[in-house]
Amino acid sequence: MARYEQIDLGLMLMDRQLLDATERRCGKVDDVEIGAEDRRSSPQARVDALVSGPGTWSSGNRGPLAWLFARIAGSGVVRIPWDDVEEIEHAAIKLRRGAPELGLGKGDDRAAQWLRRAPRS
Amino acid sequence: MSKALGALLGVLTAIGGFIEIGDLVFLGQAGAQFGYALLWAIPLGILGIGVFAEMSGRVAATSGRPVFDLVRERLGFGVGLITLIAGQAMTLLTLAAEIGGVAIVLQLLFDLPNQLLILGAGVAFLVLIWVLPFEWIERVFSLPGLCLLVFVVAAIDLDPDWTAVGNGFVPNWDAGDPMLYAYYFVGIVAATFMPYEIYFYSSGGVEEGWSRPHLRLNRLTVVFGWGLGAVLATAILITAAQVFEPRGIEPELLGTVALGTQIPLGEAGLLLVLIGMLFAIGGATAETALSGAYNIAQFLGWEWGKYKRPSGAPRFTFAWMAMLAAGTLIILTGLDPVQLTEFAVVLGVVAVPFSYLPVLLAAGDPTYMGDQTNGQLQNTLGWFYFAFISLVAVAAIPLLIVTNMGQG
């Protein structure tokens, strides 16, 4: 698991590009799952997982357009356990495993099947 | 390829790719209606787009992040989505106008039916973008686009009153109807600030794997490429002012703008300028189609890039194909490309501040940029132009309505 003492959720995690173990772009961080670390003297928040997918777009205060967009795009959500985060890089968040294994990038995989039939694809 | 040759090609590509249908329409009409009195809008607009482009290129080279990656991160999903939709709508209208422009030039050259040429152009761009790698898309269109430099020869050959030309670089609100003057000022600035140009420039930096060693190329391209593009824009306006204003001609057709070179240089000048227009507008067609795909892919986190094979970035590939198909269909409905251009250029500037601000914030953030963070001059210019382009954006729609799209 990547260890970070302090993380700015807004700038370092939310809306960041996700890269799988092969450096493939495979989605954005649409939400963050927070858990409580059980330290009785000083309880602390802890990032449990990253969440990606259109199912999250209608949540929070994202506005009516985002709600409408979410209705069109569907309800798919992928939970990426924090243990699968390799590194928070400058431009993206790098994951330890491949996108198919994590359930990410399915839209690209489906679209690729159509394109592979074309010449010079 | 040697570094010097690479830099030279980059600069030449920037000059050749600088002018597109929006510049041709607004510069031609502004020169015809107000003589040299709107020349000052050109350096003002070009310095602004230069500041924006330099920052976008520097952010791309330093942090590997293109514009819509930053838009999503800095504005969040909700406001970012509004920016995306506005940006896409204007990019699509611009694309439709560019395809229409290509068809008009082809019609002038080959005298074939316009609808057939629009369809042919749509299919040709589909094949070219599919087959050509990124750097060749830029070069194939932008280098022949340098034929537009014939406007510089024409402007000098027309022997204008250089004192009057010099006076044109000073604002002069008494030059005619102030509303119309303001409309064409906004049009010239908006045409130099076309948002797709920055989407494409910044994404291109990431496509070409820019890193810190490329920062000098970024500066060279902006200063020389776009600086010389400003000379070309000035020449187009001077030619229109010399040829059309005294004769009371308003160049409402794209071909009329080209005719400005025929009077001083004959048919050879006209042919060269038509070839230049074909490739410059053609380059803008490819850039707008790809920009639409870059934007949506970067916003939603899809795999993207022309450096990959089409099936390596499949939704990105479908996105530019869809943009191209939609743009072709829009212009096939019979809309006038020149009017569509005016509409897209003036409305497009409304979307600019929303994509400018995230880049400005990122370029000024030392946690991203380290030693490449905006200095005092860059910050001052950056915030000045943010305020300036926001004012232009606020004024754009009322001026479009009040002047009836420049018809008075």
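Guide: Two strands are said to pair if DSSP finds at least two bridges between them. In this predicted model, strand S4 (residues 44–52) and strand S5 (residues 78–81) of chain A can be set against that rule.

Visitor: What makes S4(A) and S5(A) a pair?

Guide: Four bridges link S4(A) and S5(A), and the rule asks for at least two, so the two strands count as paired. The sense of the pairing is antiparallel. Within it, A:Val51 has A:Arg79 of S5(A) opposite.

Visitor: Which way do the side chains of S5(A) point?

Guide: They alternate along the strand.

Visitor: What makes strands S3 and S5 of chain A the edges of their sheet?

Guide: The sheet is open and holds three strands in the order S3-S4-S5, with antiparallel pairing. S3 (31–37) and S5 each have a single partner strand, so one side of each has no neighbour in the sheet. From one strand to the next, the twist averages 35 degrees. S3(A) and S4(A) run antiparallel and are joined by seven bridges; A:Glu33 has A:Ala49 in S4(A) as its bridge partner.

Visitor: How do you know that strand S7 (residues 92–95) of chain A is paired with S1(A)?

Guide: Three bridges connect S1(A) with S7(A); at least two are required, so they pair. These two strands run parallel, and A:Gln17 lies opposite A:Ala92. S7(A) also pairs with strand S6 (residues 85–88) of chain A, here in the antiparallel sense and over three bridges. A:Ile88 is bridged to A:Ile93, and a hairpin of three residues leads from S6(A) to S7(A).

Visitor: Why is A:Ala66 called buried?

Guide: The term applies when 20 or more other C-beta atoms lie within 10 Å. A:Ala66 has 23, so it is buried. This residue belongs to helix H2 (residues 64–73) of chain A. From A:Ala66 to A:Pro54 the separation is twelve residues in sequence and 9.6 Å in space, C-alpha to C-alpha.

Visitor: Which residues does A:Ala66 touch?

Guide: Leaving aside residues up to four places away in sequence, A:Ala66 touches A:Trp57 and A:Ser58, together with B:Phe77, B:Gly78 and B:Leu81 of chain B.

Visitor: How many residues of chain A and chain B are in contact?

Guide: The contact involves 24 residues of chain A and 25 of chain B. On the chain A side, strand S1 (17–19), strand S2 (25–28), H2 and helix H4 (106–115) each supply at least two residues. H4(A) gives the most, with five residues. By kind, the residues of this side are nine nonpolar, six polar and nine charged.

Visitor: Which residues of H7(B) and H13(B) meet?

Guide: From H7(B) come B:Val150, B:Phe151, B:Val153, B:Ala154 and B:Asp157. From H13(B) come B:Pro264, B:Leu265, B:Gly269, B:Leu272, B:Val273 and B:Gly276. Eight residues of this contact are nonpolar, two are polar and one is charged.

Notes: Residues numbered from 1 in each chain as written. Chains lettered and ligands numbered in written order. Predicted model: local features only at pLDDT ≥ 70, side-chain atom pairs only at ≥ 80, totals over all residues. Buried ≥ 20, exposed ≤ 12 C-beta atoms within 10 Å, placed from the backbone. Contact = placed C-beta atoms within 7 Å. Nonpolar A, V, L, I, M, F, W, Y, C, P; charged D, E, K, R; others polar. Axes fitted to C-alpha atoms, helices over the stretch in contact; angles between N-to-C directions.
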